[in-house]
Amino acid sequence: MSSIRKKRIGIMGGTFDPVHTGHLILGEAAREQFSLDEVWFVPAGNPPHKREREGRATDEQRIDMLRLAISSNPHFSMSLIDMTADGYSYTYRMLEYLNKTYPDTDWYFIMGADSLRDFDTWCQPERIVKACHVVVAVRDNMNNEDFDKLLDDRRLQYRHNFLKLNTPNLDISSHQLREKIRAGESIRYYLPDNVLYYIRKEGLYLIPEKT
Ligand code: ATP
Ligand code: MG
């Protein structure tokens, strides 16, 4: 009798302010490399004091941009599961909830190496690793040796197999795009055209950011 394969779903969490090609390539690469059935893009909420920040998009605008960005990929969808009423996001809570709600699914949480570097500062990281496979992509031009060492360090530390995503270094960040827009530089091809038109239409990221 053949055993039934569990469903595999990737979770691409982030602020997506704005979503860019780096996020999309990570989702697609993870889908291919780990034979994922679906990839869910999960925008994090903003706590009340960060909701209407100058120079940043609102929650609604971040959601709109994400919806546009993923619209052409049938394997991609968006979940607002991490947009909690109080705006505070806890990855471990989300993953534990997903495991409870969908017991026939294996979860693959996708992140960049910068997030893995900061992983100790996340809330309850040992509960995160119990609840999913963590998939990590290179970032910030980290060389291969340093990236492998970081993965090995975290494997030892958490006794969990962090999976390496095979992507080239994608030198692109939301912060860099916000700066480019403010400087009047082109961001074409750094994100999908429909997101670019939306940013223009809404006049996003033109005024200086207040942190
Ligand atoms: P910001 O510059 O505002 O921090 P960002 O580009 O890092 O934005 P986030 O929404 O913070 O985007 O990222 C969500 C996740 O995607 C994080 O785990 C981050 O490490 C990863 N990520 C984003 N861009 C890349 C990239 N170019 N290469 C690899 N990982 C990335
Ligand atoms: Mg970031």
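1. Glycine 184 sits in the loop between α7 and α8. With a relative accessibility of 65%, glycine 184 counts as exposed (buried means under 20% relative accessible area, exposed over 50%, and partly exposed in between, with a 1.4 Å probe and protein chains only). Along the chain, glycine 184 is 165 residues from valine 19, and the two C-alpha atoms are 19 Å apart in space. Helices here are DSSP runs of H or I with at least four residues, strands are runs of E with at least two, and both are numbered from the N terminus.

2. Before going on, a word on the source. This is a predicted model, where local features need pLDDT of at least 70, side-chain atom pairs count only at pLDDT 80 or more, and totals for chains, interfaces and linings use all residues. Residues are numbered from 1 along each chain as its sequence is written, chains are lettered from A and ligands numbered from 1 in the order in which they are written, and side-chain values use heavy atoms, with hydrogens and water left out.

3. Tyrosine 189, in the loop between α7 (174–182) and α8, has a positive phi of about 75° although it is not a glycine. Tyrosine 189 is also exposed, at a relative accessible area of 63%. Proline 192 belongs to the loop between α7 and α8 as well. Leaving aside neighbours within four places in sequence, proline 192 is in contact with Leu24 and Ala69 (contact means heavy atoms within 4.5 Å). Proline 192 and glutamate 179 are 13 residues apart along the chain, and their C-alpha atoms are separated by 18 Å.

4. Helix α8 (residues 193–202) packs with helix α2 (residues 59–70) at an angle of about 155°, their axes 8 Å apart. That makes α2 roughly antiparallel to α8 (under 35 degrees counts as roughly parallel, over 145 as roughly antiparallel, 65 to 115 as roughly perpendicular and the rest as oblique). The axes are lines fitted to C-alpha atoms, for helices over the stretch in contact, and angles run from 0 to 180 degrees between N-to-C directions.

5. Who meets whom there? From α2 come Gln61, Asp64, Met65, Leu68 and Ala69, and they meet Asn194, Val195, Tyr198, Ile199 and Glu202 in α8. The residues of the contact of α2 with α8 divide into six nonpolar, two polar and two charged (Ala, Val, Leu, Ile, Met, Phe, Trp, Tyr, Cys and Pro count as nonpolar, Asp, Glu, Lys and Arg as charged, and the others, Gly among them, as polar).

6. Isoleucine 199 is placed in helix α8 and is buried, with a relative accessible area of 4%. Not counting residues up to four places away in sequence, isoleucine 199 touches Pro18, Met65, Ile181, Ile187, Leu191, Leu204 and Tyr205. Cysteine 123 is 76 residues from isoleucine 199 in sequence, and 32 Å from it in space, C-alpha to C-alpha.

7. Pro18, one of the residues touched by isoleucine 199, brings us to the loop between β1 and α1, where proline 18 is found. Check the backbone here: the peptide bond from aspartate 17 to proline 18 is cis, with omega near 5°. Phenylalanine 16 is found in the loop between β1 and α1 too. Its phi is near 55°, a positive value in a residue other than glycine. Phenylalanine 16 counts as buried, at 1% relative accessibility.

8. Histidine 20 is in the loop between β1 (7–14) and α1 (21–33). Is histidine 20 buried or exposed? It is buried, with a relative accessible area of 3%. The side chain of histidine 20 reaches the backbone nitrogen of glycine 22 at 3.0 Å. Beyond its neighbours within four places in sequence, histidine 20 is in contact with Ile172, Ser173, Ser174, Leu177, Tyr190 and Leu191.

9. Last one: serine 35, in the loop between α1 and β2 (38–43). At 41% relative accessibility, serine 35 counts as partly exposed. Its contacts, leaving aside neighbours within four places in sequence, are with Arg5, Arg8 and Ala30. Serine 35 and asparagine 143 are 108 residues apart in sequence, and 26 Å apart in space, C-alpha to C-alpha.

Terms used
A polar contact is a pair of N or O atoms within 3.5 Å; within protein, one must be able to donate a hydrogen and the other to accept it, and residues adjacent in sequence count only if both atoms are side-chain atoms.
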